[in-house]
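Hi everyone, thanks for making time this morning. Let me put the model up on the screen, and then we can walk through a few parts of it together.

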Amino acid sequence: MPARTLPLGCSVVLAKDELQTLIDRLRQRGYRTVAPQVADGAIIYDDLDRIDRLPLGMLDEQDGGRYRLRRDANAGYFDYVVGPNSLKNYVFPPREPLLEAQRKDGQWEMQTIEPPAERLAVIGVRSCDLHALAVQDRVFLEGPYVDPAYKARRERLLLVAVNCRRAAATCFCHSMKTGPAVKSGFDLALTELEDSFVVEVGSERGGEILAECDWIPATSQQAQQAQETPRRLARQMAERATAAEEGANRSSAQRSLDTKDIRDLLLGNLEHPRWQEVAERCLACGNCTLVCPTCFCSVVEEVSDLTGDHVTRERSWASCFTADHSYMNSGAVHKSTASRYRQWLTHKLASWIDQFDVSGCVGCGRCITWCPVGIDLTEEVAAIREEA
């Protein structure tokens with residue numbers, strides 16, 4: 001008779017087609033299952049009930065302002081890296097209603113929106129995004145005010161993480177100590193081997209669900225191979241980043257970020273000419289803040305229907321690259337693009353540390369990939385460090 005649960009920290013082996021059973025068990029327990037799949041030329045998170053919709057045999061090529069998919073017969077189920085979506089899209093959605101007002105017989109009736117009750121399982125989460133979720137937790141759960149909608153979504157979230165076997169040129173998680181190895185914050189963690197998955201149990205919930213699948217104990221060799229997979233990638237990333245720096249060519253090679261005294265470096269160079277130089281390229285489009293898994297700025301607006309009898313108060317994502325973001329009674333504080341870019345970068349890498357005792361960057365590289373003009377924050381910091 002199979003075990004009713006598997007203990008925390010244990011590792012077992014699943015055949016690759018048994019991943020379907022895992023999804024089925026999650027759905028039977030009432031979870032909406034979300035996983036990576038191809039849509040509109042990118043790999044995004046979307047609802048998934050069959051593993052044949054996973055991007056098996058797909059790789060992504062990422063660089064500054066560039067994202068392309070290509071097929072590779074040797075690629076596994078999870079050999080692409082991160083796409084434009086992150087867990088933020090699900091725990092802190094781009095737009096959500098907070099309150100509704102209906103006018104009846106000349107009187108307004110107000111109704112608050114109940115926190116969501118849906119169970120959600122996200123499959124394919126990387127280590128950088130688990131660290132980003134921990135940052136969001138500090139913002140929405142650990143301060144003096146707890147966000148009830150975020151709290152409700154977070155409590156119903158189950159995470160099936162994946163150890164990375166490859167990195168894009170824009171990845172620099174090894175610099176931020178946020179990857180590529182999955183170490184905490186997950187319910188189950190998959191490491192893809194040639195013919196199977198090694199699965200580590202990270203929570204009691206994960207152990208209960210995994211116990212219902214057709215698993216076998218992992219051998220010491222399989223467990224060691226699973227542990228070595230992300231370690232080997234971390235060494236490769238560090239070596240490629242060092243080679244790029246020694247060759248004085250930071251583009252089209254592995255990124256890295258020197259975080260030594262970075263807070264004092266940036267806050268001590270607020271008038272550095274580099275801010276103006278990057279502003280000449282920056283479009284102030286806000287793409288970097290939209291794809292960033294840790295940015296949390298929002299705006300609350302009243303949205304009325306055409307009759308004016310029904311009004312919804314909605315919260316939606318905001319960006320520090322817009323003029324409205326810093327608007328006060330005397331006008332916008334950050335009037336120039338240079339000022340807005342400086343605000344974003346210094347908050348992300350410097351003053352965020354003062355607020356939350358952690359960096360606001362997890363090294364996922366999304367802001368580099370999805371910037372239309374390929375602005376690279378690692379390059380900007382390196383330039384300020386070198387000239388300072």
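Let's start at a turn: in the hairpin of β6 and β7, two residues sit between the strands, and aspartate 105 takes a positive phi near 55 degrees. Strands here are DSSP runs of E with at least two residues, helices are runs of H or I with at least four, and both are numbered from the N terminus.

Before going on, a word on where this comes from. This is a predicted model, in which local features need pLDDT of at least 70 and side-chain atom pairs count only at pLDDT 80 or more, while totals for chains, interfaces and linings use all residues. Residues are numbered from 1 along each chain as its sequence is written, and side-chain values use heavy atoms, with hydrogens and water left out.

Strand β6, residues 95-104, pairs with β7 in the antiparallel sense over six bridges; two strands count as paired if DSSP finds at least two bridges between them. How many of the six residues of β7 are buried? The count is zero, so strand β7, residues 107-112, is hardly covered. Buried means under 20% relative accessible area, exposed means over 50%, and partly exposed is in between, with a 1.4 Å probe and protein chains only.

Alanine 101, in strand β6, is buried, with a relative accessible area of 7%. Leaving aside residues up to four places away in sequence, alanine 101 touches Trp108, Glu109, Met110, Asp309, His310 and Val311, where contact means heavy atoms within 4.5 Å.

Now to the open sheet. Eight strands form it, in the order β3-β2-β8-β9-β10-β11-β1-β12, with mixed pairing. At the edges are β3 (42-47) and β12 (215-217), each pairing on one side only. From one strand to the next, the twist averages 25 degrees.

Within that sheet, β10 (residues 188-192) and β11 (residues 196-201) pair in the antiparallel sense over five bridges, and alanine 189 has glutamate 200 of β11 as its bridge partner. Threonine 191 lies in β10 and is buried, with a relative accessible area of 3%. Its contacts, not counting residues up to four places away in sequence, are Asn163, Ser196, Phe197, Val198, Ala226 and Thr229.

Last stop, the helices. Helix α11, residues 337-356, bends by about 55 degrees at histidine 347; that bend is the angle between axes fitted to the seven residues ending there and the seven starting there. Just after α11, aspartate 357 takes a positive phi of about 60 degrees.

How do α11 and α13 sit relative to each other, and at what angle do their axes cross? The axes of α11 and α13 (residues 377-387) come within 12 Å and cross at roughly 90 degrees. Such axes are lines fitted to C-alpha atoms, for helices over the stretch in contact, and angles run from 0 to 180 degrees between N-to-C directions. The two helices are therefore roughly perpendicular; the cut-offs are under 35 degrees for roughly parallel, over 145 for roughly antiparallel, 65 to 115 for roughly perpendicular, and oblique for the rest. Tyr341, Trp344, Leu345 and Leu349 of α11 meet Leu377, Glu380 and Val381 of α13.
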